[in-house]
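Please keep the sequence and the three-dimensional view at hand while reading.

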Amino acid sequence: MTPVLAAADAVGNDVLEMARVLREHGIETKLCSNVAVGIDEPILPPERVLDFAGGAGDLLIYHFSVSWPAALDVLREALGFRVVRYHNITPPQFFADYGAIDYEQACASGRAEIAKIAALGCELYLGASAYNNEDLLAAGVPRERCAVLAPFHRIAQLQSAEADLGLLDELNDGTRNVLMVGRVAPNKGHVELIDAFAAYVDAYGDPARLIIVGKSDPRLQAYSQRIQAQIDTHRLGDRVWWLDSLSEAQLKAAYLASHAFMTLSRHEGFCVPIVEAMALGVPVLAHASSAIPETVGDGGIIWPESDPWLYAASLARLAADEPLRNGLRESARRRYEREFSADVLRERFLHLLEPAQ
């Protein structure tokens with residue numbers, strides 16, 4: 001169950017891959033949503049869920065990332081093994097300065113629902129990170145009912161995808177590319193990213209390029225304008241490429257052409273693009289906020305500070321130190337295979353569901 005199911009986003013990928021694993025394990029599985037985008041199978045409306053999976057021998061998994069009162073009603077009445085998959089909800093204060101009332105209210109409603117979710121006493125609360133589970137524990141969920149499972153993803157498909165050769169050639173023009181992937185929202189730290197990139201260009205004279213990959217939302221136009229204003233302030237001009245919606249082939253090209261992945265995001269429940277970069281051999285440099293240290297582990301460079309000059313110096317070190325780059329790539333590859341590969345996630349997921357059998 002999830003209120004909006006889209007085939008191309010992080011929550012949607014988690015939902016669809018979980019369903020695939022359950023079906024491969026011989027469990028009849030259906031998807032429930034109010035809105036489905038890019039899904040090629042019938043979708044159950046929430047009012048029909050209990051008819052299908054409301055019995056004592058049934059399993060119900062709710063992907064909690066926004067407020068959805070209908071899901072609370074279903075979870076209250078379901079008699080079987082109930083799993084709350086918590087993806088985290090962005091604190092509303094991130095949107096307060098940008099006139100994004102819809103976002104601010106939605107996030108406030110979602111976070112207010114954490115206590116209601118906790119009070120349901122579901123059999124398993126499954127956070128995408130230990131950081132996420134802290135919200136649940138603070139709301140009263142017993143620790144013994146909490147577990148962590150990184151999100152399912154489509155990294156294996158991205159690894160095997162053919163890169164867009166036109167974009168790859170365009171980016172492989174001898175310029176050093178620094179990449180950030182993530183939706184364009186205030187918690188993602190784009191303004192701080194621009195400051196750090198500008199510090200690198202100014203201090204080290206590298207005619208580098210910053211590639212920002214992420215979907216823009218018209219409701220966050222004020223934030224997009226703030227990013228552009230910061231680009232203009234630093235006179236970065238065409239050194240910043242802002243790519244909105246990319247195909248899988250284009251995203252693969254962006255990763256392959258990049259020399260570093262940098263994110264200064266201030267709030268993440270996990271951050272799948274970091275793991276994509278790790279799997280595809282792009283050295284990671286990140287701000288150690290929220291769940292990011294847990295995701296990166298020993299697979300990249302993280303700093304708790306937000307000083308742009310620190311990130312500039314780190315980019316310069318990555319550019320100059322080939323052994324460091326190679327060591328980070330190897331550590332990241334091992335971490336991906338050990339913690340985040342599809343086989344590892346599948347095994348952990350099924351193990352966590354054993355009490356339901």
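The points below treat helix packing, a pocket, individual residues and backbone angles in turn. The structure is a predicted model.

**Helix packing**

- Two packed helices are described by the angle between their axes and the distance between the axes.
- Helix α3 (residues 69–77) packs with helix α4 (residues 101–119) at an angle of about 5 degrees, and their axes are 11 Å apart. Because angles under 35 degrees count as roughly parallel, α3 is roughly parallel to α4.
- On the α3 side this contact involves P69, L72 and L75, and on the α4 side E113, K116 and I117. Four of the residues in the contact of α3 with α4 are nonpolar, two are charged and none is polar.
- Helix α8 (residues 190–204) and helix α9 (residues 221–233) have axes 9 Å apart and pack at an angle of about 10 degrees. This makes α8 roughly parallel to α9.
- From α8, the residues H190, V191, I194 and D195 meet Y223, R226, I227, Q230 and I231 of α9. The contact of α8 with α9 comprises five nonpolar, two polar and two charged residues.
- Helix α13 (residues 308–320) and helix α14 (residues 322–340) pack at an angle of about 95 degrees, with 5 Å between their axes. Angles from 65 to 115 degrees count as roughly perpendicular, and α13 and α14 are therefore roughly perpendicular to each other.
- The contact is formed by R317, L318, A319 and A320 of α13 together with E322, L324, R325 and L328 of α14. In the contact of α13 with α14, five residues are nonpolar, three are charged and none is polar.

**The second largest pocket**

- Rolling a probe the size of a water molecule over the atoms shows where empty space is left.
- The second largest pocket holds about 510 Å³ of space. It is lined by 27 residues, of which L22, E28, T29, L59 and L60 are the closest to its centre.
- Which helices and strands each supply at least two residues of the lining of this pocket? They are α1 (10–24), β2 (31–32), α2 (49–53) and β5 (59–64).
- The lining of the second largest pocket consists of 18 nonpolar, six polar and three charged residues.

**Helix α10 and residue A163**

- In helix α10 (residues 248–256), the buried residues are L251, K252, A253, A254 and Y255. These buried residues pack against α6 (155–160), α7, β9, β10 (209–213), β12 and α11.
- A163 is located in the loop between α6 and α7. Its relative accessible area is 14%, and A163 is buried because the cut-off is under 20%.
- Apart from residues up to four places away in sequence, A163 touches L168, A249, K252, A253 and L256.
- A163 and L72 are 91 residues apart along the chain, and their C-alpha atoms are separated by 42 Å.

- I292 belongs to helix α12 (residues 292–296). Is I292 buried or exposed? With a relative accessibility of 0%, I292 counts as buried.
- When neighbours within four places in sequence are left aside, I292 is in contact with T263, S265, E268, I274, A286, H287 and I302.
- Between the C-alpha atoms of I292 and Q357 there are 33 Å, while the two residues lie 65 residues apart along the chain.
- G174 sits in the loop between α7 (165–171) and β9 (177–181). Its relative accessible area of 80% makes G174 exposed, because exposed means over 50%.
- From C-alpha to C-alpha, G174 and R85 are 44 Å apart in space, and they are 89 residues apart in sequence.

**Positive phi angles**

- Most residues other than glycine have a negative phi.
- N88, a residue other than glycine, has a positive phi near 85 degrees. N88 lies in the loop between β6 (81–86) and α4, and at 7% relative accessibility N88 counts as buried.
- C271 is not a glycine, yet its phi is positive, at about 85 degrees. C271 is placed in the loop between β12 (260–263) and α11 (272–279), and its relative accessibility of 8% means that C271 counts as buried.

Notes
Residues are numbered from 1 along each chain as its sequence is written. This is a predicted model: local features need pLDDT of at least 70, side-chain atom pairs count only at pLDDT 80 or more; totals for chains, interfaces and linings use all residues. Side-chain values use heavy atoms; hydrogens and water are left out. On a 1 Å grid over the protein atoms alone, a cavity is a set of points where a 1.4 Å probe fits but cannot get out, and a pocket is an open set with protein on both sides within 12 Å along at least five of seven lines; lining residues have an atom within 4 Å of a point. Grid points are joined across faces, edges and corners, and a volume is the space filled by probe spheres set on the points. Helices (H or I, at least four residues) and strands (E, at least two) are DSSP runs, numbered from the N terminus. Ala, Val, Leu, Ile, Met, Phe, Trp, Tyr, Cys and Pro count as nonpolar, Asp, Glu, Lys and Arg as charged, and the others, Gly among them, as polar. Buried means under 20% relative accessible area, exposed over 50%, partly exposed in between (1.4 Å probe, protein chains only). Contact means heavy atoms within 4.5 Å. Axes are lines fitted to C-alpha atoms, for helices over the stretch in contact, and angles run from 0 to 180 degrees between N-to-C directions. Angles under 35 degrees count as roughly parallel, over 145 as roughly antiparallel, 65 to 115 as roughly perpendicular and the rest as oblique.
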